[in-house]
Amino acid sequence: MRIRIVDAFTDRPFAGNPAGVLILDAFPADDWLQKVAMEVNHAETAFAHRLPEDAEADWALRWFTPATEVAMCGHATLATAHVLHTTCAHEGPVRFATRSGVLAAAPREDGSFTLDFPTAPLTAAEIPDRVAGALGAEPLAAVDTGPNVGDLLVELADEKTVRGLTPDHKALGAFSERGIIATARAEDPSRGYDFVSRCFFPNVGIDEDPVTGSAHTALAPFWSERLGRADLTGLQASPRSGFVRTEVRGDRTLLSGRAVTVIDGELLA
């Protein structure tokens with residue numbers, strides 16, 4: 001079967017967040033899906049198959065990290081939509097049936113896609129003891145991001161602090177189900193982004209995720225409230241880096257970005 005590696009939330013190869021994408025006739029056994037994700041060894045590998053015409057969505061979609069299946073993944077959804085459209089397997093907006101409900105992806109005239117995801121329910125949280133030591137910086141505030149995202153979001157003093165983090169990845173696993181989102185306001189919004197973030201997910205086998213769509217369902221409402229605007233652009237300041245355009249619409253958040261196929265090959269196992 002065909003397997004593709006797609007860089008998501010970027011318009012150039014070797015940037016953004018890489019995802020494996022496999023289009024199947026049906027989902028095989030879970031242990032096979034997990035083994036493929038381990039072999040691909042990117043943050044997520046997406047598996048999709050077409051659904052009957054009378055189903056609630058067009059395609060079924062699941063995501064696996066090298067260690068486990070996850071409830072929501074933005075960049076691998078974007079990568080899957082990109083593959084479906086570039087291979088003419090699907091035209092126009094596409095609906096995915098997932099563990100997080102029906103998620104939609106719509107192509108835009110500029111070649112990007114807009115994902116329609118549930119907005120993360122944010123709840124103010126106490127800053128846990130020892131999180132500053134594990135992260136390497138003192139948080140100003142902490143927010144729980146709810147069950148779909150499963151992270152502790154922490155605001156730091158400034159962009160420089162976020163960019164300079166060298167955390168203890170193992171220690172970060174103690175503070176939430178998946179990991180930590182560290183964020184700060186952009187130092188200079190004229191550079192084209194409103195906030196920065198970095199994401200550390202040791203509990204699902206990812207020390208640092210390059211660009212995380214699901215995290216932006218929490219980052220978007222967090223910063224929209226503080227900046228007084230529904231439309232924002234986030235820069236995830238990982239070594240690969242990538243931009244995510246966001247728009248909060250009540251209980252839904254729109255995430256927009258581009259994707260590039262970098263490998264198109266054959267899976268023999």
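Trainee: How many cavities of 30 Å³ or more does the count come to?

Mentor: The count comes to one cavity of 30 Å³ or more. The model is a predicted one.

Trainee: What makes that space a cavity and the others pockets?

Mentor: A 1.4 Å probe fits in a cavity but cannot get out, whereas a pocket is an open set of points. The space in the largest cavity is about 70 Å³.

Trainee: Which residues line the largest cavity, and which elements give two or more of them?

Mentor: The lining has 15 residues, and Glu44, Arg178, Asp209, Thr212 and Ser214 lie nearest the centre. Helix H2 (74–86), strand S14 (206–209) and helix H6 (213–227) each give two or more residues to this lining.

Trainee: How does the lining of the largest cavity divide into nonpolar, polar and charged?

Mentor: Six of its residues are nonpolar, six are polar and three are charged. Glu44, Arg178 and Asp209 belong to the lining, and Asp, Glu and Arg count as charged by definition.

Trainee: What is the volume of the largest pocket, and what lines it?

Mentor: Its volume is about 250 Å³. There are 14 lining residues, with Phe9, Thr10, Asp11, Gly242 and Phe243 closest to the centre. Strand S16 (242–249) and strand S17 (252–257) each supply at least two lining residues, and S16 has the largest share, at three residues. By class, the lining of the largest pocket holds three nonpolar, five polar and six charged residues.

Trainee: What is known of the second largest pocket?

Mentor: The second largest pocket has a volume of about 190 Å³. Among its 13 lining residues, Val70, Ala71, Asn148, Val149 and Glu177 are the closest to the centre. Its lining divides into six nonpolar, three polar and four charged residues.

Trainee: Why is H6 called largely enclosed?

Mentor: A residue is buried when its relative accessible area is under 20%. In H6, 12 of the 15 residues are buried, so the helix is largely enclosed by the rest of the structure. Among the buried ones are His216, Trp223 and Ser224.

Trainee: How do you know what span to expect of H6, and where does the helix bend?

Mentor: H6 bends by about 30° at leucine 219, and proline 221 follows within four residues. Just after H6, glycine 228 takes a positive phi of about 75°.

Trainee: What makes strand S11 (residues 151–155) mostly covered?

Mentor: Five of its five residues are buried. Asp151, Leu153 and Glu155 are buried on one side of S11, and Leu152 and Val154 are buried on the other, so by the under 20% cut-off both faces are covered.

Trainee: How do you know that S11 pairs with strand S10 (residues 141–144) and with strand S12 (residues 179–185)?

Mentor: Two strands pair if there are at least two bridges between them. S10 and S11 are joined by four bridges and run antiparallel; alanine 142 has valine 154 as its bridge partner in S11. S11 and S12 pair in the parallel sense over five bridges, with leucine 152 opposite isoleucine 180 in S12. Both pairs therefore meet the requirement of at least two bridges.

Trainee: How many residues lie between S10 and S11 in their hairpin?

Mentor: Six residues lie between them, and in the turn glycine 146 has a positive phi of about 85°.

Notes:
Residues numbered from 1 in each chain as written. Predicted model: local features only at pLDDT ≥ 70, side-chain atom pairs only at ≥ 80, totals over all residues. Heavy atoms only, no water. 1 Å grid on protein atoms, 1.4 Å probe; cavity = no way out; pocket = protein on both sides within 12 Å on 5 of 7 lines; lining within 4 Å. Points joined across faces, edges and corners; volume = space filled by probe spheres on them. Bend = angle between axes of the 7 residues up to and from the residue. Buried < 20%, exposed > 50% of the residue type's maximum accessible area, 1.4 Å probe, protein only.
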